[in-house]
Amino acid sequence: MNNSLQSDLFALVHEPIEQDALIRHVRAAEDGAVVTFDGCVRNHSLGRRTLYLDYEAYESMALAKIREIAVQMHEKYPIHLVAIAHRLGRLQIGETSVFIAVSSPHRPAAFDACRFAIDTLKRTVPIWKKEYFEDGAVWADGEMPPAPLETRTAKPAS
Amino acid sequence: MATSSETVRVKVLFFGRLKEIVGRAEDSVELPDGAPIETLFSQYGVSHPDIVRFRSSLVASRNQEFASWTTPLHSGDEVAFLPPVSGG
């Protein structure tokens, strides 16, 4: 199985995500499929009209967690390459907040891995969005990442 | 070995609504070497009582890894209190 993690692409960006570049990054001659997920800003939330969103991240940890997702994708599915980008800052309705591209020789793996990637990202990557409405703003209801209950063996302090 | 009376400095990060309550994104604090993350949070609970009610929905991290609240802290550690994540 190809384990091409070193060729995968991960990015947190403050400008519009260059989706075509991510697709080109994963597309290769040996692949028969590229599956993409385009997460975009919806104009409503729980029955209220959304005006725009602000995203913020714990950037160093978020990149590390996105990389971990890619490692798991390669372990679980016979895929070729992964590209994941998440945008931060203010996003307007319809703009892309997260884009994932996965290539594989055969399409089932790319579909499954792409679904795994967005589902895991939404549970484990430290990114937050604040939703702005006509009558106020709220931090979106999120998910609690799975965290260890017990202390692991502490690494020596550096 | 460090003694329990030694004081160390750690970096603390706040995000989302916690950042708004505490009024800053980053802090640097002194505490006894080996003190658990829970103790650090409790200190902020004294100065910013509004954060205490969020405790059960927070996950802690140490040096960019999710960590239990009993994780001991040492010099130079980077700690964050993470509200429920809502990326994507």
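**Entry 1: β4(A) and β6(A).** I looked up the pairing of β4(A) with β6(A), residues 89-92, in this predicted model, and found 4 antiparallel bridges. I took strands as DSSP runs of E with at least two residues, helices as runs of H or I with at least four, both numbered from the N terminus; two strands pair if DSSP finds at least two bridges between them. Asp54(A) has Arg90(A) as its bridge partner in β6(A).

**Entry 2: β4(A) and β8(A).** I then turned to β8(A), residues 127-133, which runs antiparallel to β4(A) and is joined to it by 7 bridges. Here Asp54(A) stands opposite Lys130(A).

**Entry 3: the hairpin.** I traced β3(A), residues 44-45, to β4(A), residues 48-57, and noted 2 bridges in an antiparallel arrangement. His44(A) is bridged to Arg49(A). The two strands form a hairpin with 2 residues between them, and Leu46(A) in the turn shows a positive phi of about 50°.

**Entry 4: the chain.** I recorded 3 helices and 9 strands for chain A, in the order β-α-β-β-β-α-β-β-β-α-β-β. Of its 158 residues, 31% are buried (20 or more other C-beta atoms within 10 Å of a residue's own, C-beta atoms being placed from the backbone).

**Entry 5: conventions.** I number residues from 1 along each chain as its sequence is written, with chains lettered from A and ligands numbered from 1 in the order in which they are written. As the model is predicted, local features need pLDDT of at least 70 and side-chain atom pairs count only at pLDDT 80 or more, whereas totals for chains, interfaces and linings use all residues.

Methods: Buried ≥ 20, exposed ≤ 12 C-beta atoms within 10 Å, placed from the backbone.
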